[in-house]
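Subject: Structure for your review

Dear colleague,

Please find below the structure that I am handing over to you. I would be grateful if you would look through it with the notes that follow it.

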Amino acid sequence: MDLEMSEDHPLLMEPAAVGEGGRLEGDGTAMRPSTLLPERVEGEAGDAQQADAGVPLVNAGEDPGYLIPQDIAALGLANDAERVDKWTSSLTGGQLSALRSVGGDCFSDDEFKRGVMFIDSTSTSESQKYIYDNFQDFLKVAGQANRLATSGTLSVRYPWAVSTDTVEGPTKLSYTVTNTISNTHSETDGYSVGGSLKVSIGGIGDPSFSGSYTHSSTNSTTWTSTGAVGSDLTAEKKQWGRIDLFKIGGTYEGYLFFVLHGLPVDAADHRYRVFYFDGNRFRCTAGLIAFPIKNFFIKSPDSPSPSERVQRHWADGEKPPGKDFPAS
C-alpha cells in the first residue's frame, strides 16, 4: 500500500482554551485511551511455556529453525526503536495485516482513507514540527493513552550480538556463555512488552552484549531469566577460530503509529478529531499519524533461548568470516 502525504489532511494547533481543564466543551478528555488497543494483561501468551535449553550451538551454515516473522506489529513503542529522519512511502500487505491483528478498526480501510500523516525532520508546519521537537514527551502522553502501535518489516535475521577474541591454533580453550534477562514480560506507560538482555562469553576475551527486545504478538515461549552453557573451542594447526553469538529474532524497521480512531470530534467541524498535548489543542482530519523508526529487535516467538553460538574456523591466509549470520 502506497502511503501518500497530503495537505488534505492537516494538523492544526492552537493554545488550549482558558478555563476548567483548558478544554473546549464537547472535546472530552485530553487523550482518552483507545478501546481498540486493549492493554496487555500479565499472564497472556508468552507466559504459558517456560523453557531453558541453554545457548544452542550450530555449525556455520545451519539454520536453527526458529520462526522469525517477515512482518510484525506490537502495541506501543518497540524497545530501542530509533527515529528515522525521513519517511518512506510504502506499507507492505504483511505489515497492514499484522497491524489489523492487534489494532482492529484503528487500521481499517476507513482510517486509511482519512489519510496518514507522516511526521519527520522534513515536516514544515508549525504543529508537526512541535510534535517532532517534543517527540519523547509526546510518546509518554500517547503511550499512557494506549494509542501507539509499532509496525515493522524484517531487515536483519539473527543479528550479531558479540564475538570472542580470535585465537590461533593449535589450541583448545574452554568458554561459558551466560545470559541474564530482566523485566521479561511487562508494560510501562502503554509501551510494548519486552525486557533487557545481557549475553556474555567467559574464558575467551570475556566479551558481553547488552540490549533490549520486544515480544511479537504471537509469542508462545518466554525466555527464562538466566541461562548458561559451557563448551570448548578447538583450533587446529594453521587454523584460526572464534565464537560468534547471534540473537534469536530479527531487527526490524517500519513505523510507529499514533491512533486517532475514537478521539473526540471537533464540535465546530466534524471532519476533525481532537487531542490535547503540552497545553495545546490539536485538530487532525487524518486517521493515523506515523513516525518512521528502525533498528528495533523482536525476539523469535518460539525460541527457548535468546542467542545462538556458532564456532567459526578459517585457515591461515584466509579472510576471517564476517558478522552476518553464516549462510554457508
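The notes below begin with the whole protein and then turn to particular parts of it.

This is a predicted model, in which local features need pLDDT of at least 70 and side-chain atom pairs count only at pLDDT 80 or more, while totals for chains, interfaces and linings use all residues. Residues are numbered from 1 along each chain as its sequence is written, and side-chain values use heavy atoms, with hydrogens and water left out.

The whole protein

The protein has four helices and 20 strands; helices (H or I, at least four residues) and strands (E, at least two) are DSSP runs, numbered from the N terminus. Of its 328 residues, 50% are buried. Here, buried means under 20% relative accessible area, exposed means over 50%, and partly exposed lies in between (1.4 Å probe, protein chains only). The accessible surface of the protein is about 14,700 Å², and carbon and sulfur atoms account for 46% of that surface. These areas come from the Shrake-Rupley method with a 1.4 Å probe; for residues, only the protein chains shown count as cover. Among contacts (heavy atoms within 4.5 Å) between residues at least 6 apart in sequence, 84% join residues at least 24 apart.

A network of salt bridges

A search of the whole structure gives 10 salt bridges. A salt bridge is a side-chain nitrogen of Lys or Arg within 4 Å of a carboxyl oxygen of Asp or Glu. One of them joins Glu14 and Arg281, with the closest N and O atoms 2.7 Å apart. This pair links distant parts of the chain, since Glu14 is in strand E1 (residues 11-15) and Arg281 is in strand E18 (residues 280-284), 267 residues apart. Glu14 is partly exposed, at 29% relative accessibility, whereas Arg281 is buried at 3%.

Arg281 also forms a salt bridge with Asp266, at 3.2 Å from N to O. Through shared partners, the salt bridges join Glu14, Asp266, Arg281 and Arg283 into one network.

How many of the 12 residues of strand E19 are buried? In this strand (residues 288-299), 10 of the 12 are buried, so E19 is largely enclosed by the rest of the structure. For the pairings below, two strands pair if DSSP finds at least two bridges between them.

- Strand E5 (residues 82-83) runs antiparallel to E19 and is joined to it by two bridges; Arg83 has Ile293 as its bridge partner in E19.
- Strand E6 (residues 116-118) pairs with E19 in the parallel sense over three bridges, and Phe118 stands opposite Ala290.
- E16 pairs with E19 in the antiparallel sense over 10 bridges, with Thr251 partnered by Phe297.

Helix H1

In helix H1 (residues 93-103), the buried residues are Gln95, Leu96, Ala98, Leu99, Val102 and Gly103. Seen down the axis of H1, these residues fall within an arc of 165° (taken from the directions from the helix axis to the C-beta atoms), so they line one face of the helix. An α-helix has 3.6 residues a turn, so residues three or four places apart point the same way. The face of H1 turned away from the buried side carries the exposed residues Gly93 and Ser101. The buried residues of H1 pack against strand E4 (71-75), helix H2 (109-114), strand E7 (148-157) and E16. Just after H1, Gly104 takes a positive phi of about 55°.

Two further residues

Gln128 lies in helix H3 (residues 126-133) and is buried, with a relative accessible area of 10%. Leaving aside neighbours within four places in sequence, Gln128 is in contact with Leu11, Met117, Phe118, Ile119 and Ser123.

Ala17 is in the loop between E1 and strand E2 (50-51) and is partly exposed, with a relative accessible area of 23%. The C-alpha atoms of Ala17 and Gly279 are separated by 8.9 Å, although the two residues are 262 apart along the chain.

Yours sincerely,
A colleague
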